[in-house]
Amino acid sequence: MKKTVLVSGGAGFIGSHVTVELIGAGYEVVVADNLSNCDMTCFEGVKKITGRDDIPFEKVDFCDAAATEALFAKYKIDAVIHFAAFKAVGESVEKPVLYYKNNLGSFLNVLEAAERQGGCNVLFSSSATVYGQPEKLPVTEESPRQPATSPYGATKQMCEDILQDTVKASGGKIKGILLRYFNPIGAHPSALIGELPRGVPNNLVPFITQTAIGKRACLSIFGDDYPTPDGTCLRDYIDIVDLAKAHVYAVTRMMEGKMDEPCEIFNVGTGRPVSVMELVTAFERVNGLKLNYKIAPRRPGDVTAVWADPTRANTVLGWKAERTVEETLRSAWEWEKHLAGK
Ligand code: UFG
């Protein structure tokens, strides 16, 4: 019988790409989302890509304990991938209570429901933000976590700890994997799903594509006086489809009971640092257009450089990032054009 994976926040950017890959790998998927930060566009795209009109969609707010409980009672959940969370760093500084309440509350409800059903495999979507500005690069999973610089980052660290403690106390009933994402970018090659930021994008690539299409007048490059080769910040940009595939490897590892420890951590990155300026130039080159940009002051809270050592994911999970940055930037542009109806 097919195993069932619950994807919380499954209508969003990462969740929709993960759903496509899980279905492709033969899993049944239950998509649940409260649609607080997305609409049904990506879920409709998922149905088209997979040719599956029958994927269950549940409009659920995971902060509602009873609704979460009911979801676990309705389906036999073999694994849950938890994405449902707020993710804007700046907003989290302005509204910490909202962020702690939503991001911790929803995850606690998921864990409580998992405990109540007698156990579950739990994959938590964490972030490279837990490493802060690392002393040594690239970062391995053993690199020390730094104090969080925003409530958003703090919720990621806290949820990591909560899962570790829950797994430890469960006597083997709950297994956990923490995936620490670096900078996910791009879109599905079909251009039917991708990133759909509300309002002015905070992240670099949506801002680039929206500038290219004419929705934004000018991209600001935040700082060119960092101690890096070209003065702009270095990040590890990971293709969204590659990132989604890592989830399939991780879920399968949990399902097949192949874990070395009951709670494991993997960096999901390419191991390749790319500067903001290099990314902008590559976008222009591969898509044959000129971008209107200017150098602006540094953005408060930005780290100079962070990129992954993905060796553990490569060797233990057997996963590796495959798409080139050029392919990824092409897909981001195709998605933006698809949104504009071009
Ligand atoms: N940048 C610009 N102009 C923009 C937007 C971003 O120059 O308009 C620069 C930033 O200063 C930074 C780089 O592009 O140097 C990447 O910025 P993003 O906002 O795209 O991504 P971050 O690295 O700041 O943060 C991302 C996610 C977080 C996550 C973090 C982990 O947004 O959720 O990676 O490293 F926590």
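Predicted model: local features only at pLDDT ≥ 70, side-chain atom pairs only at ≥ 80, totals over all residues.
Because its relative accessible area is 0%, which is under the 20% cut-off, Asp236 counts as buried. Once neighbours within four places in sequence are set aside, the residues in contact with Asp236 are Phe182, Asn183, Gly269, Thr270, Gly271, Arg272, Val306, Trp307 and Ala308.

Two polar contacts of the Asp236 side chain can be described in detail. One joins it to the side chain of Thr270 at 2.7 Å, while in the other a polar atom of the Asp236 side chain lies 3.0 Å from the backbone nitrogen of Ala308. Arg299, which is 63 residues away from Asp236 in sequence, is 18 Å away in space when the two C-alpha atoms are compared.

## Two domains

The protein is divided into domain 1, covering 4-185 + 238-268, and domain 2, covering 204-235 + 271-337. Taken over C-alpha atoms, the centres of domain 1 and domain 2 are separated by 24 Å, and 28 residues of domain 1 are in contact with 22 residues of domain 2.

## The shell around the ligand

There are 19 residues around the ligand, and those that come nearest are Ser127, Asn203, Ser220, Arg235 and Asp302. By residue class, the shell divides into 10 nonpolar, six polar and three charged residues. Helix H7 (204-213) and strand S8 (219-222) each supply at least two residues of this shell, and S8 gives the most, with four residues.

Taken alone, the ligand exposes 680 Å², of which the protein buries 89%.

## Ser127

Ser127, one of the residues that come nearest to the ligand, lies in strand S5, which spans residues 120-127. Its relative accessibility of 12% is under 20%, and Ser127 therefore counts as buried. The side chain of Ser127 reaches the backbone nitrogen of Thr129 at 2.9 Å, and, not counting residues up to four places away in sequence, Ser127 touches Tyr152, Lys156, Leu179, Arg180 and Tyr181.

## Backbone geometry in the loops

Most residues other than glycine have a negative phi, and most peptide bonds are trans. Against that background, the peptide bond from Leu137 to Pro138 is cis, with omega near -5 degrees, and Pro138 belongs to the loop between S5 and helix H6 (151-169).

Leu35, although not a glycine, has a positive phi of about 60 degrees and is placed in the loop between strand S2 (28-33) and helix H2 (41-50). Ala191, likewise not a glycine, also has a positive phi of about 60 degrees; Ala191 lies in the loop between strand S7 (183-185) and H7, and its relative accessible area of 9% makes it buried.

Note on methods:
Residues numbered from 1 in each chain as written. Heavy atoms only, no water. Near = heavy atom within 4 Å. Areas by Shrake-Rupley, 256 points an atom, 1.4 Å probe, with all protein chains shown as cover. Nonpolar A, V, L, I, M, F, W, Y, C, P; charged D, E, K, R; others polar. Buried < 20%, exposed > 50% of the residue type's maximum accessible area, 1.4 Å probe, protein only. Polar contact = N/O pair within 3.5 Å; in protein donor to acceptor, adjacent residues only side chain to side chain. Contact = heavy atoms within 4.5 Å. Domains from an automatic or database assignment.
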